[in-house]
Structures are given as structure tokens and as C-alpha cells.
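Please keep the sequence and the 3D view side by side while reading this note. The points below start with a term and then turn to strands and charged pairs.

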Amino acid sequence: MKQANKPARAVLAAVALTGLAGLTATATAQSAVQMYGVLDVWAGRSQTTAAGPATQVANSGGLQTSFWGFAGTEDLGGGLRTIFALEGYILPDTGVGGRTPTDAMFARNAYVGLQGSAGELKLGRVLNPLFVSTALANPFGGSIRLAPLLNHAWAAPLRTVYGDTSWDNTLMYTAPAMAGLKVATYASLGETAQGASAHNLGATANFDHGPWFATVSGQRVRIGPGMTSIGETEQKTWFAGGSYNAGVAKLFASLGGSNNVRPDSHTRTGQAGVSVPAGQGSVMVSWAHTRTGAPGLAATRRNTGAVGYDYFASKRTDLYVVVQTDKLSTANFAKTYAVGMRLKY
């Protein structure tokens, strides 16, 4: 879908089919709006350690959380343009909007902003750059369910990172890229009776040059998912990861940690993975280990591994199969088998 306030002179280029990229426009476009999204459905056996018995499922969001959205730009002249995006999650297995019943209509992104030679400014609900960093540093991408790293970091009931994968009431500034380095700083205003102290802060730096990619991210969370459910008052999280594309294989590694206030506890998570081209697709392998400790309590350990094959039927459609194992030192050994399909439009 495209609208213009002047006769169109050029066609807007393709948008972020992976869901992690944004909108791009030709230099001659005056204004444009594009619709896009991802539909991902999988079926199989689902089980998570410490979360009850296995179930047979047909679920949404195997390799990527399904979403839809539209975004646009307007050229203001002098190299400056306005940007906006509205993106909402959807569960195609049931047709319900949102990841959960409490999600807003546009829970992924809902922002306006400015973009120019001095960088980019976004205001609204914005995808959390720390989540993007974890997605880029493992072979399973942004899969919260099947990627061992993201399952440890973002999935209930054993998540190690608090706050949502998108932040409300956010001001985010991204500096212009320099020699492959891009830095973003962001703040989520709490807008609560607690005043100025009830807000979240974060910063991320990404380096992307040739076969190398590296990311470093940190955040301090005082409001959001995970905080109110267990009485936390603050969590500080850091994450470092990256990849190297050797041609015959792409290697991934990451290390991260969190420190919680009241109750006092901390986590450390390491992850290693590899993606190997095979036929018209790639073999993906990843393993994540998390150690959780608290004063006066014995440490717990969680190990999650996954191996899968992603077959690229076309540029927009892929078919995948994944086997995942999951074990908390104080709970059951869990196994998940998934066969799915992802359509990017």
C-alpha cells in the first residue's frame, strides 16, 4: 500500500522482511507508506523445564514472533525526513491479536521520529535494542521459543531479563554510523506516581564490518514485565555478543548477566552457536547455559540446546524443523520438536 501527497516519482524499496530491519526509501520519494509483516506457525511437541508436562501444539512464533505493520517516511528537504511505524503482534494459529490478551494493538512498534545527517530520533513505543542484540548474536535469530539464548533471556517462567522486548514512552537517539559502528541510547519514562525514578535506561553499540559483527548492550529496568510479579525494584542487565562469517560456517557467541535488587540475585548466561549452509538452507546449532545465584541459596543451572534446519523455499518463505532440549538443575528434562513455516511479506 502506498500513498503520496505529490505525483509519485519512484517506488519505495522493499521493507524489513526479517522484522529486525526498518523501512528504506529512494532518494527521490516525497512520501510513502508500506505495509509488511511476518506470519510464522509451527506444530509439534512443546515442553519447557519447570513448566509442566509436554503438550501437542500448533502455535505461532517458532523462528519469529508473527507481526504486521506499516511504516512511512516524508522528505522534509535538506536531508531531513520524518519517519513513523505502527506494528502489532498476531497469533495466526488462533487469529488473536497480540502475544497475550494484555498486549496493545501496536505492541511491537508505535513511534514517530526524525532522520537525517545528525542521526535518528524516535518517540513512542520502540523495539528494545537489547532484544535486537540478543537476536543478532545467535543462529536462531529472534526466536524467543526455539533459540536457547532468547528462551533464557526473554521467555517465562525462567526469564533472566526484565522489561519488555519493546518499551513504552521511549525517547531513542541513534547516532550516525561511523566505520561500521552505530550507537543508540534510549530512555523509557515511567509516567507513574513514583516520579522520575520510575524509568528505564539503555544503550547499545553495534559494529558491523565485513565478516565481523559485534554488539554490546546494557539496560537498567525499574518498570515492565518481571518487576511487579516478584517484587523487584531494579534490574541491571549487560550483554555482549557477535558473529564471524567464515563462508563455510557462521560462528556465534555471547555472554550476558543480570543483577537484581530485592530479592538480591544475579544471573550469568553464556551461549555458543553455528550456522552452516547446506543445500537450499542452513543447519543451525546453539547451546546456552545460565547460572542463577542468590545469597544463602544454592546456585541453579539451566542448560538448553537446539539443532535445526531452515529450508529457504523462496526469498519470502522458509520451512524449518527444530529439536530442543531444556534442563534446569532442580527440575525435569524437557524436549521440544517443532516443524514450521514462516512467510515474510
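1. A residue is called buried if its relative accessible area is under 20%, exposed if that area is over 50%, and partly exposed in between, using a 1.4 Å probe and protein chains only. At 4% relative accessibility, Glu87 counts as buried, and Arg108, with a relative accessible area of 5%, is buried as well.

2. A word on the origin of these values: this is a predicted model, in which local features need pLDDT of at least 70 and side-chain atom pairs count only at pLDDT 80 or more, while totals for chains, interfaces and linings use all residues. Residues are numbered from 1 along each chain as its sequence is written, and side-chain values use heavy atoms, with hydrogens and water left out.

3. Helices (H or I, at least four residues) and strands (E, at least two) are DSSP runs numbered from the N terminus, and two strands pair if DSSP finds at least two bridges between them. By these rules, strand β8, residues 166–174, pairs with strand β9, residues 181–189, in the antiparallel sense over five bridges, and Met172 stands opposite Tyr186 in β9. The two strands β8 and β9 form a hairpin with six residues between them, and in its turn Ala179 has a positive phi of about 50 degrees.

4. On to the next pairing, β9 also pairs in the antiparallel sense with strand β10, residues 199–209, over nine bridges. Here Leu189 has His199 in β10 as its bridge partner.

5. A salt bridge is a side-chain nitrogen of Lys or Arg within 4 Å of a carboxyl oxygen of Asp or Glu, and a search of the whole structure finds 10 of them. One of these joins the side chains of Arg108 and Glu87 at 2.6 Å, N to O. Because Arg108 lies in the loop between β5 (96–97) and β6 (109–116) and Glu87 in strand β4 (residues 80–91), the pair ties together parts that are 21 residues apart in sequence.

6. The side chains of Arg99 and Asp164 also meet in a salt bridge, at 3.1 Å, N to O. This pair links distant parts of the chain, with Arg99 in the loop between β5 and β6 and Asp164 in the loop between α2 (148–154) and β8, 65 residues apart. Arg99 is partly exposed, with a relative accessible area of 27%, whereas Asp164 is buried at 16%.

7. Finally, Asp310 and Arg342 meet through their side chains in a salt bridge of 3.5 Å, N to O, and both residues are buried.
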